[in-house]
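Please look over the sequence and the model below before reading on.

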Amino acid sequence: MAADGLQRASRRCLTDTMSSFLEPGEVVYLHGLESSPDGAKGQWIRDRLGGMGVDLDTSAAREVLAASRATGRVLDLEGAEMQRAFAVPMERARARLASDPAPQLLVGSSFGGAVLLKLMDEGSWRGPALFLACAGVSLTPIRALPEGSRALLIHCPEDDTVPVQGSRILAATGGRDVHLLEVSEGDDP
């Protein structure tokens, strides 16, 4: 079997395996800054894994980050602005964690990865985590996953929006069940 056929078969096997033991609603998707639960990743998770997205309402975060870029000011990651940026997304994510069905896997993409990292750091989430181009190191003061974490971080080394170095920092922490998969743009999806 050619390499690209093997990759497609591996992806299909992984998706089939995950969907065989996860009930609808048990995969929860936390979207990126400019996205929504109905974006391409959210739809893929919903269609293939029966997952559901949380509408994080990233409007305050977009305002804070845009103001920082416009003025060239470095953000205080522990300051009031970033607390405001994360207040509603964290509240909404925590509410989903407390509802039925109970999540079995959290998937956080970019800004949603920062939310997921904060949930893990505060102890609100102790289950398996999938980070897609996690922006947690860029947007929070957190530099380590909790010991005993079960996490897969997937990141493109050529990502010029969210540097891969943040995922590398997190992957070096948390224990033996934390892994980083670097997928280049040229790799077959």
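## Terms and basis

Two strands are said to pair if DSSP finds at least two bridges between them. Strands (E, at least two residues) and helices (H or I, at least four residues) are DSSP runs, numbered from the N terminus.

This is a predicted model, in which local features need pLDDT of at least 70 and side-chain atom pairs count only at pLDDT 80 or more, while totals for chains, interfaces and linings use all residues. Residues are numbered from 1 along each chain as its sequence is written, and side-chain values use heavy atoms, with hydrogens and water left out.

## The sheet

Six strands form an open sheet with parallel pairing, in the order E2-E1-E3-E4-E5-E6. Strand E2 (52-54) and strand E6 (178-182) stand at the edges with a single partner strand each, so one side of each is left without a neighbour in the sheet. From one strand to the next, the twist averages 20°, where axes are lines fitted to C-alpha atoms (for helices over the stretch in contact) and angles run from 0 to 180 degrees between N-to-C directions.

Strand E1 (residues 27-30) is joined to E3 by four bridges, and Tyr29 has Val107 as its bridge partner in E3. E3 is in turn joined to strand E4 (residues 129-132) by four bridges, with Leu130 of E4 as the bridge partner of Val107. Four bridges also link E4 in the parallel sense to strand E5 (residues 151-155), where Leu153 is the bridge partner of Phe131.

Strand E3 (residues 105-109) is largely enclosed by the rest of the structure, because five of its five residues are buried; buried means under 20% relative accessible area, exposed over 50%, and partly exposed in between (1.4 Å probe, protein chains only). In a regular strand the side chains alternate between the two faces of the sheet. In E3 both faces are covered, with Leu105, Val107 and Ser109 buried on one side and Leu106 and Gly108 buried on the other.

Together with helix H5 (residues 111-122) and E4, E3 makes a right-handed β-α-β unit, meaning that, with the strands pointing away from the viewer, the path from the first strand over the helix to the second runs clockwise.

## Helices on the sheet

Helix H4 (residues 80-97) lies across E1, E2 and E3, and runs at about 145° to E2. Helix H7 (residues 164-171) packs on the sheet, touching E5 and E6 (contact means heavy atoms within 4.5 Å), and its direction makes about 155° with that of E6.
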